[in-house]
Structures are given as C-alpha cells and as structure tokens.
Amino acid sequence: MTHKQFAEEAYQTTYQGKLIRLQSDPPAVILDSTIFYALSGGQPGDTGELSADGLTVRVVDTRYDADRKTILHYLDPESPVPEWKTGQIIEMKIDWARRHRLMRMHTAMHLLCSLIPYPVTGGGVGERESRVEFDMDTADFDKADLSQKLNQLVTQNLSVDVSSITDDMLDNNPELIRTMSVQPPRGQGSVRMINIGQGIDYQPCGGTHVRETGEIGELVVTKIKSKGKQNKRVSLALVTP
Ligand SMILES: [Zn+2]
C-alpha cells in the first residue's frame, strides 16, 4: 500500500519516499509514499520526475495497481531503467503547472455539480477542458447562464475544505454521493469529504483541489450535449490557462 501524501497536502511539489520495488515491464517505480496523484475519479495521473544516485527519470503516468492500494509511477520506456535498491530514498518532483491546472478544473467540476442537481454519471478532468455527465432528460440549462453562475462562485472565493465522515455516516446519508460511476473513497472506515463554501458542494472525493475557488479563475461552459436519452454532457474550460 502506498501512502497518499497528495491527499494530505495537494500543494506539495517535491517530496522524498523510500523505494519498495521496481517493475520492469512496463517500467514502473513503487514507493512507500507519494505526491503523484494516481488516475482516479476522472482526474488523470500526475507526471514528473524521480531522482536518486544522480539519475533522473521521467514519470509519464501514475496509476493504481490491481489492488487499488499500490501506486505505480510509470516511467518513460525510452529512459534508462534505474538500478535503485529497495529502501533507498527517492526524490520526487511533480509537473506542478499541469497538476495545478487539473486541480483548478477538478474544483470547477464540483462547482458545476452544485448548479445542476442531478446524479453524475461520468466525467473527465482535462488541463484546459473538462466534462461532467448528468442523468437528466431535459436540457434546462443554458451555457451562458451556467457560465455566469460558475463565475459568481469563483468570484466569491469560497473555501474548499477537506474532512472525513465514517463509512456508516455515508451509508446513512446516501444522498451525499453525487457520482454514480465512481465509488466513494472508502477504505479505512472513513470517507474523505470535500466541502466547498460550507455546503454549496459537499460530497465524497479523493481528488486534488485548490484551497479557494478564486484560484480557479474565469470559467466558460463550452458545450451542453445530449449523450443519450438520460444523459447530458456539460463541458467547461478555463479561460486563463
Ligand atoms: Zn473532488
């Protein structure tokens, strides 16, 4: 199991961990703890660098292993495979500009959820544009109107707070789960909760977020598209890269 340092401190850009093992095919590094976010809940895995013994290798993707607990830092297959030893200290550095854009976009998706009170059936976070799919049969929402409301929530500079509730509390309050396609981050008897603006959006989430909504900057809803009878896809983008 890899400790998820990114869940505790989303703004940490460098960090040290101990090597647990190396995987050769495809080449990947497993550490005891990491600041690299692993693909989950529609947010892509981080990229960046790992260094030790004077060798730096590129991490091109970060994903969970089949056990969903171990995190694999996938290396560029073109790089030399490091000859690091188990227990050795490895320096980490994430591609912060990319990750910060993903954090802004991911937080913006929560704001969109607060404006569209329907179950979420899917979504994907991109660096410039993201999409959220809702289970609704009519498009009662207008791009300009949603954009304006999103930008009001950004301008209010709402706080984004991380807390947790017990699995039992979540089971007794199933309405807190907005996303039908992603299981809440359960595991150790508690579930990580994200609270934006003291209840404007409050839902289980294991992703990385900005501290205040003002950091997202201006947003624009670019598309509202029907993806089937009960499915509408809303796309939104960052105006300032
Ligand atoms: Zn989230």
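Which strands does helix α2 lie across? I began with this question and consulted the model, which is predicted.

**Entry 1: helix α2.** I located helix α2 at residues 96-115.

**Entry 2: helix α3.** I then turned to helix α3, residues 143-155, which packs on the sheet and touches β14 and β15. I recorded an angle of about 140° between the direction of helix α3 and that of β14.

**Entry 3: the sheet.** I looked up the strand order and read β9-β10-β15-β14, an open sheet of four strands with antiparallel pairing. I saw that β9 (120-124) and β14 (219-226) each have a single partner strand, so one side of each is left without a neighbour in the sheet. I noted a twist that averages 20° from one strand to the next. I reminded myself that strands of a sheet pair through backbone hydrogen bonds, either parallel or antiparallel.

**Entry 4: β9 and β10.** I checked how β9 is joined to β10, residues 129-134, and found four bridges between these antiparallel strands. I identified Phe134, in β10, as the bridge partner of Val120.

**Entry 5: Thr34.** Is Thr34 buried or exposed? I placed Thr34 in strand β4, residues 33-34. I classed Thr34 as buried because its relative accessibility is 0%, and buried means under 20%. Leaving out residues up to four places away in sequence, I listed the residues that Thr34 touches, among them Thr2, His3, Phe6, Tyr15, Ile71 and Met92.

Notes. Residues are numbered from 1 along each chain as its sequence is written. This is a predicted model: local features need pLDDT of at least 70, side-chain atom pairs count only at pLDDT 80 or more; totals for chains, interfaces and linings use all residues. Side-chain values use heavy atoms; hydrogens and water are left out. Two strands pair if DSSP finds at least two bridges between them. Helices (H or I, at least four residues) and strands (E, at least two) are DSSP runs, numbered from the N terminus. Axes are lines fitted to C-alpha atoms, for helices over the stretch in contact, and angles run from 0 to 180 degrees between N-to-C directions. Contact means heavy atoms within 4.5 Å. Buried means under 20% relative accessible area, exposed over 50%, partly exposed in between (1.4 Å probe, protein chains only).
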